[in-house]
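Please find below a short note for colleagues on the structure shown here.

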Amino acid sequence: MNTRITQLFDIKYPIIQGGMVWASGWRLASAVSNAGGLGLLGAGSMHPDTLAEHINRCKQATDKPFGVNIPIMYPEMDKAIEVILREKVKIVFTSAGNPKLWTPILQKEGVKVTHVVSSSTFALKAQEAGVDAVVAEGFEAGGHNGREETTTLVLVPAVRQHVSIPLIAAGGIATGRAMLAAMALGAEGVQIGSRFVATTEASVHEDFKQKVVASGEGDTLLTLKELAPVRLLKNHFFEQVKALYDAGNATPERLRELLGSGRTKRGMFEGDMQEGELEIGQVAALINKVQPVSEVFKELLTEYTSALEGLPQG
């Protein structure tokens with residue numbers, strides 16, 4: 001499977017694992033890279049020293065390319081960049097912020113930079129900032145989304161019309177068929193998050209993995225737009241958020257007060273399924289079991305090939 005994305009990152013398959021907070025540690029990233037994709041460490045939930053440890057553990061666990069995801073607006077990301085440069089990581093995905101901030105600094109040191117966008121406007125800005133590729137992430141995704149709620153099906157071809165750099169599709173992709181569909185829309189690779197949360201190598205709490213597996217259609221909702229839009233599984237914390245909206249009291253101040261600090265860690269990493277913030281994509285409804293990364297890759301690639309061969313001819 002040869003695309004500009006496989007060439008850019010020197011990987012076998014154009015499959016990138018999302019650099020998700022609390023889920024994307026060295027075990028997951030190295031397993032994805034060893035399977036032929038691109039594993040990403042999620043720096044958003046790591047202190048700089050922790051990130052350095054995960055980078056070094058990843059180097060020991062794989063001789064394949066891997067990278068780090070940097071959510072720009074998070075605290076200590078400047079120190080995370082220092083760690084990345086010191087440890088000579090050669091691939092960085094940036095998100096949730098202005099790509100102009102770090103792209104020139106990283107590229108000067110030979111780092112390939114990809115930025116995550118939620119609109120064609122932001123994709124053009126990322127291209128103007130000089131990034132090597134963009135990820136077009138539809139609102140089906142679990143992480144930081146666009147307020148416009150543009151679906152992947154609409155976003156990917158729209159971005160493709162506006163930029164010439166390599167394009168990766170994300171949001172609602174967890175199967176080989178979805179991967180093929182994304183490529184048909186103009187993507188040259190896919191970024192998969194939620195499917196890799198439900199793997200044995202993901203560092204989230206086992207109870208969260210099981211809740212993802214047990215979820216169905218309609219069990220997630222995009223919310224907290226006044227702060228940073230995220231898609232959450234419904235639980236008691238979610239109902240508290242909904243109550244603020246229903247009462248017309250969902251101001252940024254009230255939402256920050258309710259959210260507090262460490263809410264995502266409490267849910268996804270520590271396993272509080274009622275009071276924690278549980279970020280996951282809509283596609284959780286299609287995930288039915290927790291598997292090793294190697295099995296996920298086998299299923300993705302088998303289904304991709306089968307779907308491609310099964311397309312109507314002529």
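1. The structure is a predicted model, in which local features need pLDDT of at least 70, side-chain atom pairs count only at pLDDT 80 or more, and totals for chains, interfaces and linings use all residues. Residues are numbered from 1 along each chain as its sequence is written, and side-chain values use heavy atoms, with hydrogens and water left out.

2. The protein contains 14 helices and 10 strands (DSSP runs: H or I of at least four residues, E of at least two, numbered from the N terminus).

3. The C-alpha trace spans about 50 × 50 × 35 Å along its principal axes.

4. Of the 314 residues, 56% are buried (under 20% relative accessible area, 1.4 Å probe, protein chains only). The protein exposes about 13,400 Å², of which carbon and sulfur atoms supply 51% (Shrake-Rupley method, 1.4 Å probe).

5. Among contacts with a separation of 6 or more, 62% join residues 24 or more positions apart (heavy atoms within 4.5 Å).

6. Strands E9 (residues 220–223) and E10 (residues 230–233) pair in the antiparallel sense over four bridges (pairing requires at least two DSSP bridges). Thr-220 has Leu-233 in E10 as its bridge partner. The two strands, E9 and E10, form a hairpin with six residues between them, and Leu-224 in the turn has a positive phi of about 60 degrees.

How values were computed: Buried < 20%, exposed > 50% of the residue type's maximum accessible area, 1.4 Å probe, protein only.
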